[in-house]
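Subject: Handing over a structure, with notes

Dear colleague,

I am passing on a structure that you have not worked with before, and my notes on it follow below. Please have the sequence and the structure open beside you as you read.

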Amino acid sequence: ASAEELRPPEAVERNDLQVECAAEIKVHALGVMAVDLSASGKTAVSSSIDGWAYVWDVGACSQRTKIDTSLNEAWSVSLSPDETLLAGGSQFGNINIWDAATAEK
């Protein structure tokens with residue numbers, strides 16, 4: 001791949017939302033399975049096959065919540081419109097719901 005292909009975009013536009021690529025966060029021990037960005041662009045969530053999901057403050061580039069999802073329980077993730085709940089789809093066909101602030105299931 002050329003250097004041009006590997007360079008991240010400076011900004012991504014989505015309707016009236018503009019998100020700048022300002023940081024790369026490396027926290028998961030194994031592969032990231034899913035990422036979701038809230039409609040406001042202020043909150044993101046990531047899940048991994050390492051059994052953890054993280055809720056992120058996008059502007060501060062900091063972790064808000066670390067959620068023990070257990071292995072295979074959050075292969076897909078989505079934030080609720082009000083950013084208070086995290087839904088995760090498991091390898092086994094289950095849908096799990098966690099509180100995005102307290103990590104309670």
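To begin with one place in the chain, which residues does G31 touch, not counting residues up to four places away in sequence? Before the answer, please keep in mind that this is a predicted model. With neighbours up to four places away left out, G31 touches S47, S48 and I49. For one of these, S48, the C-alpha atom is separated from that of G31 by 5.6 Å, although the two residues are 17 residues apart along the chain. G31 itself lies in the loop between β2 (17-20) and β3, and its relative accessible area of 39% makes it partly exposed.

The overall picture

The protein contains 1 helix and 9 strands, and these follow one another along the sequence in the pattern α-β-β-β-β-β-β-β-β-β. Of its 105 residues, 32% are buried. The accessible surface of the protein is about 6,800 Å², and carbon and sulfur atoms account for 52% of that surface.

S38 is found in the loop between β3 (32-37) and β4 (43-48), and because its relative accessibility is 4%, under the 20% limit, it counts as buried. Its side chain takes part in a polar contact of 3.1 Å with the side chain of S40, and there is also a polar contact, again given as 3.1 Å, between the side chains of S38 and E83.

Charged and aromatic side chains

Side chains of opposite charge can pair when their charged atoms come close. In this protein the count comes to 1 salt bridge, which is formed by D57 and R64, with their closest N and O atoms 3.6 Å apart. Are these two partners buried, partly exposed or exposed? D57 has a relative accessible area of 23% and is partly exposed, while R64, at 43% relative accessibility, also counts as partly exposed.

The structure also holds 1 aromatic pair. Its members are Y54 and W56, whose rings are stacked, with 5.5 Å from centre to centre and 25° between the planes. Y54 is buried, with a relative accessible area of 4%, and W56 is buried as well, with a relative accessible area of 10%. A further ring to look at is that of W52, since K66 lies over its face, at 4.2 Å from the ring centre.

Two residues with positive phi

C61 is not a glycine, yet its phi is positive, at about 55°. The place of C61 is in the loop between β5 (52-57) and β6 (62-68), where its 37% relative accessibility puts it among the partly exposed residues. From C-alpha to C-alpha, C61 and A44 are 9.7 Å apart in space, and they are 17 residues apart in sequence.

S70 is another residue other than glycine with a positive phi, in this case near 65°. S70 sits in the loop between β6 and β7 (76-79) and counts as partly exposed, at 42% relative accessibility.

T69 is likewise found in the loop between β6 and β7. Is T69 buried or exposed? With a relative accessibility of 2%, T69 counts as buried. Leaving aside neighbours within four places in sequence, T69 is in contact with G51, W52, A53, A74 and W98; one of these, W52, is the residue whose ring face has K66 lying over it.

With kind regards

Methods. Residues are numbered from 1 along each chain as its sequence is written. This is a predicted model: local features need pLDDT of at least 70, side-chain atom pairs count only at pLDDT 80 or more; totals for chains, interfaces and linings use all residues. Side-chain values use heavy atoms; hydrogens and water are left out. Helices (H or I, at least four residues) and strands (E, at least two) are DSSP runs, numbered from the N terminus. Buried means under 20% relative accessible area, exposed over 50%, partly exposed in between (1.4 Å probe, protein chains only). A polar contact is a pair of N or O atoms within 3.5 Å; within protein, one must be able to donate a hydrogen and the other to accept it, and residues adjacent in sequence count only if both atoms are side-chain atoms. Accessible areas come from the Shrake-Rupley method with a 1.4 Å probe; for residues, only the protein chains shown count as cover. A salt bridge is a side-chain nitrogen of Lys or Arg within 4 Å of a carboxyl oxygen of Asp or Glu. Rings of Phe, Tyr and Trp (its six-membered ring) pair if their centres lie within 6.5 Å; planes under 30 degrees apart count as stacked, over 60 as edge-to-face and the rest as tilted. A charge sits over a ring if NZ of Lys or CZ of Arg is within 6 Å of the ring centre and within 35 degrees of the ring normal. Contact means heavy atoms within 4.5 Å.
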